[in-house]
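This briefing concerns the disulfides of a protein chain. Please examine the sequence and the structure shown below before reading on.

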Amino acid sequence: MVRVVAGYQKTCAWKKDGSLWCFGDLLTDVPSQPRALSSPLRVSELKGQAVALAAGDSFTCALTLKGSVWCWGNGTEGQLGTGRKRSSASPVRVRLPCPG
């Protein structure tokens with residue numbers, strides 16, 4: 001592993017190859033029903049190689065080598081930067097600059 005970040009009840013890390021792995025309380029396709037994982041799960045939906053990672057209270061974001069930002073997790077207050085108040089179990093691309 002290259003780097004590890006921790007958010008509220010979850011931890012994520014990325015390897016030298018840019019792949020992301022997370023465990024702890026993660027969203028499923030039903031955001032109101034997170035599942036607790038004791039073994040890391042690969043975040044396979046990310047488009048591009050991760051070069052930076054940040055974990056918030058209930059969401060995670062990754063910056064890719066090509067400069068795009070992808071976030072996933074709880075987005076009910078707009079945390080994912082998509083301009084919508086919607087959660088996502090899979091990474092969604094952030095429109096930059098983030099809508100207000």
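A residue is called buried when its relative accessible area is under 20%, exposed when that area is over 50%, and partly exposed in between (1.4 Å probe, protein chains only). The model is a predicted one, in which local features need pLDDT of at least 70 and side-chain atom pairs count only at pLDDT 80 or more, while totals for chains, interfaces and linings use all residues. Residues are numbered from 1 along each chain as its sequence is written, and side-chain values use heavy atoms, with hydrogens and water left out.

**Overall pattern**

- Taking a disulfide as a pair of cysteine sulfur atoms within 2.5 Å, the count is two.
- With bonded cysteines counted along the protein chain, the pattern of the disulfides is 1-2, 3-4.

**Cys12 and Cys22**

- The sulfur atoms of Cys12 and Cys22 lie 2.1 Å apart and form a disulfide.
- This pair links distant parts of the chain, 10 residues apart: Cys12 is in strand 2 (residues 10-14) and Cys22 in strand 3 (residues 20-26); strands are DSSP runs (E, at least two residues), numbered from the N terminus.
- The link of Cys12 and Cys22 is right-handed, with 110 degrees about the S-S bond.
- Cys12 counts as buried because its relative accessibility is 1%, and Cys22 counts as buried at 2%.

**Cys61 and Cys71**

- Cys61 is joined to Cys71 by a disulfide, with an S to S distance of 2.0 Å.
- Cys61 lies in strand 6 (residues 59-64) and Cys71 in strand 7 (residues 69-73), so the pair ties together parts 10 residues apart in sequence.
- The disulfide of Cys61 and Cys71 is right-handed because the torsion about its S-S bond is about 110 degrees.
- Both Cys61 and Cys71 are buried.

Methods. Helix = DSSP H or I, 4+ residues; strand = E, 2+ residues; numbered from the N terminus.
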